[in-house]
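Trainee: Could you walk me through this one with me? I'd like to start with the strands and then move on to the rest.

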Amino acid sequence: MRIALMGDIHSNREAFSACLAHASECGADRYVFLGDYVGYGADPNWVVNRIAELTTEGAIAVAGNHDRAIGIERSRMNAAAGMAIEWTASQLDRTAAEFLSTLPLTIEDEDRLYVHADASRPGDWIYVDETASAAASLGATRQRVTFCGHVHVPMLFGITATQKILSFAPLAGSPVPLLRQRRWLAVVGSVGQPRDRNSAAAYAIYDTSTCEFKSLRVPYDVETAAGKIRAAGLPESLAARLSLGR
Amino acid sequence: MSARPRSRPAIGDEIDGFRVLNCLHVGGMATLWTVERSGSPARYLMKVPRLGEGEDPAAIVSFEMEQMIMPRLSGPHVPKFIAAGDFEVLPYIVMDLVEGVPLSQRLAQLPLRPDEVARIGSQIAIALDDVHRQQVVHLDVKPGNILLCPSGEVVLVDFGLSTHAALPDLMEEEFRLPYGSAPYMAPEQVLGERRDPASDLFALGAVMYHLATDRTPFGDPQRMAGLRRRLWRDPVPPRQLDPDFPPWLQDTILRCLSVDPAERHPTAAQLAFDLSHPQQSVSGDRATKMHADGPFAVFRRRLAAPKSKPPRRSNAVSIASPAPILAVAVDLDEGSATIAASMRMQVARILRTMPQARLACLNVLKIARLTIDTALDDESRNKHVQRLVGLRHWAAELQLDPSRVTFHVLEATAPADAILEYIAANRVDHVILGARAKSIRKSLLGSVSAAVAAQAPCTVTIARSRGTYED
């Protein structure tokens, strides 16, 4: 089975639809969404309703901090993110808002764990961006492979034979076998707002028969996505950063 | 994780469809077995790591690396991957049984003649170039891992210490001490750098030194302090051991053994080129020196030697080589002057943007048929020399450092075939040749440039000069 893993879509319809088309061409059999479907971008309803639709066809989705922030306190967000959430809350239709409110923080699927951020305290939205936070997250689950998002930069961590943690920046398009005798944590990167100075949308495919994890980059119509953010009156920084990939 | 895996098979065992025939080798990290698959006469090699109590933990990790890397390698210079076994049952790799003799079996015949060292060395360099282009650094180049095939080609085996640019390096994360073979290991590898293909060139230099002198350039130190010594102590030059040792080969070997990876050949392909074109290699101080450096120079280097891993070189592993071999096929006919000038401009541009690129200038001397005594024929010898002079004249305007450019007159009945053969044999990355815009000769004989463009395994640039109609 080929699982397409997508997270941090952030209301970016252009990036999301480009990734869905790409994954379908790659023969993805299942979609797993790793949270943060809204915030920052201008198409929250389209994105959330598309995900809701896919879940009725077997897709899996967990909640991210932006999804949980709708209608709740958001004191921990920066000004632009907070504004985007206010705006999103005002735009979101009822079915979309209800869908977001039902999403769980974690889902276990065979030997895999899906979570938006760190798995040890999933509601605290801790970034998994270096070996120590990866170790904490891996220590909190018995699942062999954890897939998460939140950081917006693709990264791979593995527990070695002597319980050390290795880290690796996966190259787009090059499959990495997640050796069965070890445990792994993959940060899949962001569909809607990549931050590794590469503007192309990031997602990943995991092949359960070969245990191969492949990080992927998909160029999309950044200009249109940024134009919609400006037209919606959202902060300019949220539009400008898309073409810079940061 | 679950049941303890078995540590080794037994003769007669049937494992995932492979029947174990006999044990070939028991090594420190793995055992090797001949196996066959039912219904097929082919024999394969099965490698099984030693995972029992008290075995080196590196054996597991090294085997994991090899299991990841081998399926990603292909081509004539590596054993073909057939299958891999699950770690939880019996970990193994099955690969083609290579018909070849390990170079280690020739160690009893050392020293080898310099031309034999250069021939074997260039074949190893070609194999390394092939592996490097597949994003892999071998990191354990030594006589035992180099198989000499009946065809003269080399197959590299044992990728247990290797790294792949697109895969995590399990060895680096796991172990503080460097893994490799002490007599041949590059100084940066001693310090823990595992991503630089130049480390393989150093090891090849040490292997060639060993073959040529019957001694290893840095002994066989067993401790870190002894391994580090190669950061400052240069080896005894081969010419000190044998004053008749060819200066060009000493120069090439000592360049491989440079402490700074940036001072070695930029690519294995360029090293192979030097080893197969000895007469054109430039000779200097390194080529002729008869003694190792004095105590003062060594002491200075020792003080300056890095204590830890130096910053990684930016071009350490890259698929598109920043140091390509260019070939330019120059037509020396008077009528082709404008095209020749246009080609020179193209070449100058490429060489300017890639300072490590090197250039081979070719001219094809067309002969009616191949005769056995061509070399003895004065007239053809004069023609040959005249063409060489013409090529040098064509290149003079480029004002290249002599170490970056070589000149070759190819005598052939079919020019396109000669150029294509040269490209293949010398791992040329980019060939530049000219084409007349419109030519009667072309329509009668078929175009050389079209044939090369259609068949060359590399980038091809065809230079034309707009508006010139010749013939």
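Mentor: Let us begin with a term: two strands pair if DSSP finds at least two bridges between them. The model is a predicted one, and in it strand β5(B) is joined to β6 (residues 93-96) of chain B by three bridges, the two strands running antiparallel.

Trainee: Which residue is the bridge partner of A83(B) in β6(B)?

Mentor: The partner of A83(B) there is V94(B).

Trainee: And what sheet do the strands of chain B form, in which order?

Mentor: Six strands of chain B make an open sheet with antiparallel pairing, and their order is β1-β2-β3-β4-β6-β5. At the edges stand β1 (14-15) and β5 (81-84) of chain B, each of which has a single partner strand, so one side of each is left without a neighbour in the sheet.

Trainee: Switching to chain A, how many bridges pair β5 with β6 there, and is the sense parallel or antiparallel?

Mentor: In chain A, strand β5 (residues 112-115) pairs with β6(A) over three bridges, and the sense is parallel. Within that pairing, L113(A) stands opposite T146(A) of β6(A).

Trainee: Are the residues on the faces of β6(A) buried or exposed?

Mentor: Strand β6 (residues 145-148) of chain A is covered on both faces, with V145(A) and F147(A) buried on one side and T146(A) and C148(A) buried on the other.

Trainee: Now the interface. How many residues of chain A are in contact with chain B?

Mentor: On the chain A side 21 residues are in contact, and they meet 17 residues of chain B. The area buried between the two chains is about 1600 Å², and carbon and sulfur atoms give 60% of that area.

Trainee: How many salt bridges does the rule find across the interface of chain A and chain B?

Mentor: Two salt bridges are found across that interface. One of them is between E212(A) and R72(B), whose closest N and O atoms are 3.0 Å apart. As for polar contacts, the count between chain A and chain B is four residue pairs, with both residues at pLDDT 80 or more.

Trainee: Which strands supply the side of chain A that touches chain B?

Mentor: Both β8 (165-168) and β9 (176-177) of chain A supply at least two residues each to that side. The element that gives the most is β8(A), with four residues. By kind, the residues on the side of chain A that touches chain B divide into ten nonpolar, five polar and six charged.

Trainee: How many salt bridges are there over all chains?

Mentor: A search of the whole structure gives 36 of them. One lies between E36(B) and R19(B), with the closest N and O atoms 3.2 Å apart. That pair links distant parts of the chain, since E36(B) belongs to strand β3 (residues 30-37) and R19(B) to strand β2 (residues 18-26) of chain B, 17 residues apart.

Trainee: Is E36(B) buried or exposed?

Mentor: E36(B) counts as buried because its relative accessibility is 17%, and the cut-off for buried is under 20%. R19(B), in contrast, is partly exposed, with a relative accessible area of 35%.

Trainee: What about D129(B), which residue does its side chain meet in a salt bridge?

Mentor: The side chain of D129(B) meets that of R427(B), at 3.1 Å from N to O. This pair also links distant parts of the chain, with D129(B) in helix α2 and R427(B) in the loop between α14 (415-425) and β15 (430-434) of chain B, 298 residues apart. D129(B) is buried, as its relative accessibility is 3%.

Trainee: Which residues are linked in a network of salt bridges?

Mentor: In chain A such a network links R30(A), D109(A), E110(A), D111(A), R112(A) and R144(A).

Trainee: Last topic: where is S449(B) found?

Mentor: S449(B) is in helix α16 (residues 448-455) of chain B, and it counts as buried because its relative accessibility is 6%. The side chains of S449(B) and S447(B) are joined by a polar contact of 2.9 Å. Leaving aside neighbours within four places in sequence, S449(B) is in contact with L433(B), G434(B), A435(B) and I462(B).

Terms used: Residues are numbered from 1 along each chain as its sequence is written. Chains are lettered from A and ligands numbered from 1 in the order in which they are written. This is a predicted model: local features need pLDDT of at least 70, side-chain atom pairs count only at pLDDT 80 or more; totals for chains, interfaces and linings use all residues. Side-chain values use heavy atoms; hydrogens and water are left out. Contact means heavy atoms within 4.5 Å. Buried area is the accessible area (1.4 Å probe) that two parts lose on being put together, summed over both. A salt bridge is a side-chain nitrogen of Lys or Arg within 4 Å of a carboxyl oxygen of Asp or Glu. A polar contact is a pair of N or O atoms within 3.5 Å; within protein, one must be able to donate a hydrogen and the other to accept it, and residues adjacent in sequence count only if both atoms are side-chain atoms. Ala, Val, Leu, Ile, Met, Phe, Trp, Tyr, Cys and Pro count as nonpolar, Asp, Glu, Lys and Arg as charged, and the others, Gly among them, as polar. Buried means under 20% relative accessible area, exposed over 50%, partly exposed in between (1.4 Å probe, protein chains only).
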